[in-house]
Each structure stands twice: as structure tokens, then as C-alpha cells.
Amino acid sequence: MNVLKSRYAPTCSRDTWIERQALLTKVRQFFLNRAVLEVESPTLSRAGGTDPQLDYFEVVSTPSQYMMTSPEFHMKRLLAAGFGDIFQITKSFRRDEYGSHHNMEFSMVEWYRVGMSQEKLMDEVEALVSEIVGYPIKARRTRWIDAFKNYAGVDPFCRDLSNFAQTCEFHDVPVPESYCMMSREDWWDYLMVFVIEPALASNGPEFILDYPPSQAALAQTYVDKDGLTWAKRFELFVGKVELCNGYTELTDAAEQRRRFNADLEIRKKMNKPLPPIDERFLAALDAGMPACSGVALGLDRLFMLALGKKEISDVILFPNPIA
């Protein structure tokens, strides 16, 4: 590519884009064949998500508005309004997320199944991914705590946090310079990215499920036979790529408000902006959102896998931050 063309040309070729569009049609047809209703919700909202790990774009307007990091809240309002099984193919936006598997503006498909168990939804995720990549995907199902024990060789609830640094050294992973300031959950995130996810890549597709309640987000929790509480949440990993995040959805408005407020306290300690709580979403839960399971799946990553590409920019025409 000559210098002039490199200044304006897309990073995705025309041939790849044509292949991507064919795959996108397959995604839509997958849900239509299952009588799941397609919906369309706003990308701008007067309330943003409170998740401390996600940073949003705030739009300069009166009143302030936020680019949605996910269509989740609006879609759950539709569920409460009686729309039944729904899906949406949409753009979502998250600040400062870019790299080989990330882009600040990205495409996702999110869907909700009324009355469907999390286990059945994982089956449906496998079916969709198999349809798009062109070969059967049958993922092992591993509890989060077992992933730490089996792949990192450490108990995530160990009393001595220095065990986490020793785990890094054992796996030839750099110990963060600020490790003395890291919380248990900071270590969980670090080990998941640098130790566990690379190990997952060598073992084929795998669901990780049953997360600690502190990572429940918008998922229900349950108590196991040992009296421990876990979130009904799952993620699918294929190769080195995390494809989706799903829940047995929380329907308790009071509990959800408690979690939002807890998130805001964490954001305050992290010196992050404090978005307003989405009262319309909480009103939907209070009115009676039906029992359901839901999942969000990154389409750019899925198409990258299906088309044999190594970089997400290979399937996006104009990736951030150079768009």
C-alpha cells in the first residue's frame, strides 16, 4: 500500500467485507429461524452503566447523555413490556479499549430468552458460533474457581495475596510493579488475562461459569452445597478470544439498586465519573421483568475467528483510534 493510500484506506479489504456481510446475514437468520424478535434500541441514553471496569463516552449535551456500552437496560425494559424473546445487532461504545481483540466502537449481538435456563442458552451460543465459524463448537464447561486451580495452580481465595505473585513467577508472567497495592480482585483480573486465558487457548472452546458474587454484575446468585455463593454468569472462550458474557438475569429491583450503589462507591474510590442510575431500568425490574437468560456476543471477534484473521482491525473498515 502506498503512503497516500495508507492515510485513507480501510484496514479491512473489500473481499473480507463481503464475507463479513454474508456472515452477518447468517447471524440474523439464526434468530429469525428461532422466532426471536429483532429490536432496535438507542445508542444514546441519559443514564450510563455503573460497572467500575467499564468507561463510557459522555456526550456534550443538555442534559448529559451517554453512548451505550451495551443495549442491556433498554432491552430489559422491552422484556418487562411483554416483547418476549428478543435480539439486537448493534454498535456499542467503551472508552480506551483498543488492541488486537478490542475496539472502542464495536458490533455485538445481544439476546434474551424468556424462561430459558442458562445451560440451554449456552447450548444456543454453541449453535450460533458453530453456524458462523463453519464447524461444530462443543465447549467444555468449567467453574471459575476450578479454572484458577487447574490452569493457574492457585486458590483464588487464598489468605496470602503473595501467592498470586508467586503464581506469576511460576508461569513466567511479569509481576506488576504495583503488586503491593493490588486487591484480591485486581489479582483475579490479572491472572485471568495473563495466565488462565492463554491456557484456555490450548484446550479448545471452553465456557467459564459460576463467578464470585462480587463479579455478578446483573446476574442472579445461588448458594452451592458447600454454602458458598456464586453468580449465574458464563463466558465463552475460543482460542485466545473471549466471545461472550451471559447471565441468568437478575429480576430483583432492590438488589439491583444495591449493586448499582456499590458500583458507584467503587468508582468514587477509583476517581472515575459517576453516571446517574438508570431509574427507568429499575422501574422495569420493579414492574416484573420475566425470568430469563441473556447474553452479549462480540460480532467483530466472532467474524475474526470465522475468517481466520488475527487482528480485529482486519474485519473492521475504520477501527479506532485512527478512524
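**Exercise 1.** Find what sits over the ring of tyrosine 211.

*Solution.* Start at the ring centre: the charged end of arginine 233 sits over this ring, 4.3 Å from the centre. The criterion is that NZ of Lys or CZ of Arg is within 6 Å of the ring centre and within 35 degrees of the ring normal. Next, look at phenylalanine 30, where arginine 34 lies over the face at 3.7 Å from the ring centre.

A word on the model: it is predicted, so local features need pLDDT of at least 70 and side-chain atom pairs pLDDT 80 or more, while totals for chains, interfaces and linings use all residues. Residues are numbered from 1 along each chain as its sequence is written, and side-chain values use heavy atoms, leaving out hydrogens and water.

**Exercise 2.** Classify the ring pair of phenylalanine 31 and phenylalanine 87.

*Solution.* Rings of Phe, Tyr and Trp (its six-membered ring) pair if their centres lie within 6.5 Å; planes under 30 degrees apart count as stacked, over 60 as edge-to-face and the rest as tilted. Here the centres are 4.8 Å apart and the planes at 15 degrees, so the pair is stacked. Then check burial (under 20% relative accessible area, 1.4 Å probe, protein chains only): phenylalanine 31 is buried at 0%, and phenylalanine 87 is buried at 0% too.

**Exercise 3.** Work out which backbone atoms lie by the side chain of serine 293.

*Solution.* First, a polar atom of this side chain lies 2.8 Å from the backbone oxygen of methionine 116. Second, the backbone nitrogen of glutamine 118 lies 3.3 Å from a polar atom of the serine 293 side chain. Finally, serine 293 counts as buried because its relative accessibility is 0%.

How values were computed
Buried < 20%, exposed > 50% of the residue type's maximum accessible area, 1.4 Å probe, protein only. Polar contact = N/O pair within 3.5 Å; in protein donor to acceptor, adjacent residues only side chain to side chain.
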